[in-house]
Amino acid sequence: MVKKIQKSTTAPKAAAGASSPLSGAIKDSAQQIWLAGLGAFSKAQAEGGKAFESLVKEGLSIQRKTQAVAEERISEATNRVSGMATEISSKAAGQWDKLENIFEDRVAKALNKLGVPSARDIETLMERIDELNRHVQRLSAKSPAAKVARKAAPAKAATPAPRKTAVRKTAAKSKA
């Protein structure tokens, strides 16, 4: 430590000897400061590598912790966004179905106004034709003149069947 210089009681002695004890004390103090600096420098050089490695380890630990937190936050955000996307997708699908139904209804109305039969109308007509064919066959089986006609022209009885399938194919196309 720095030594304190005591004041002398006599002024002439103090004036003559003030430069030597004061300058000695300053020199001693400067020397101590210099030596303390050299010691600190030496210690920093010796322990600097250890301190650097310690700081690197602490930095690596903090980096891992922050990466884990960041990954967790990213995962949470991803889950939220995918949930929102699913919700929006389902709403859009519902709106699309509504739009499709509206379009189908309007097209059906327009075709009805133009006199184009719907698939239901064609199906009803086909059922009615089938019913009438069965009825005709029953009636023709009962009448004796029909028996003679059947013997004379057996190929004519098979003629209505192809028409019926042709009508059904047309109905199937109109449904698609």
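(Helices are DSSP runs of H or I with at least four residues, strands are runs of E with at least two, and both are numbered from the N terminus.) Lys91 and Glu87 form a salt bridge, with their closest N and O atoms 3.5 Å apart. That term means a side-chain nitrogen of Lys or Arg within 4 Å of a carboxyl oxygen of Asp or Glu. Lys91 counts as exposed at 51% relative accessibility, while Glu87, at 45%, counts as partly exposed. Here, buried means under 20% relative accessible area, exposed means over 50%, and partly exposed lies in between (1.4 Å probe, protein chains only).

Before going on, a word about the model: it is predicted, so local features need pLDDT of at least 70 and side-chain atom pairs count only at pLDDT 80 or more, whereas totals for chains, interfaces and linings use all residues. Residues are numbered from 1 along each chain as its sequence is written, and side-chain values use heavy atoms, leaving out hydrogens and water.

Now step back to the whole chain. It has six helices and zero strands. Of its 176 residues, 4% count as buried. The chain exposes about 15,700 Å², and carbon and sulfur atoms supply 63% of that area. Accessible areas come from the Shrake-Rupley method with a 1.4 Å probe, and for residues only the protein chains shown count as cover.

The structure holds three salt bridges. Another of them joins the side chains of Glu76 and Arg80, at 3.9 Å from N to O. These two residues are four apart in helix α2, so about one helical turn separates them. Glu76 is partly exposed at 31%, and Arg80 is exposed at 55%. In helix α3 (residues 119-142), Glu131 and Arg128 lie three residues apart, about one turn of the helix. Their side chains meet in a salt bridge of 3.3 Å, N to O.

Finally, look at the surface patches. These are made of residues with over 30% relative accessible area and no salt bridge; like charges are joined within 9 Å, and nonpolar side chains (Val, Leu, Ile, Met, Phe, Trp, Tyr) within 5 Å. Phe103, Val107, Leu111, Leu114 and Val116 form a nonpolar patch with about 480 Å² of accessible area together. Val107 belongs to helix α2 (residues 19-114) and is partly exposed at 34%.
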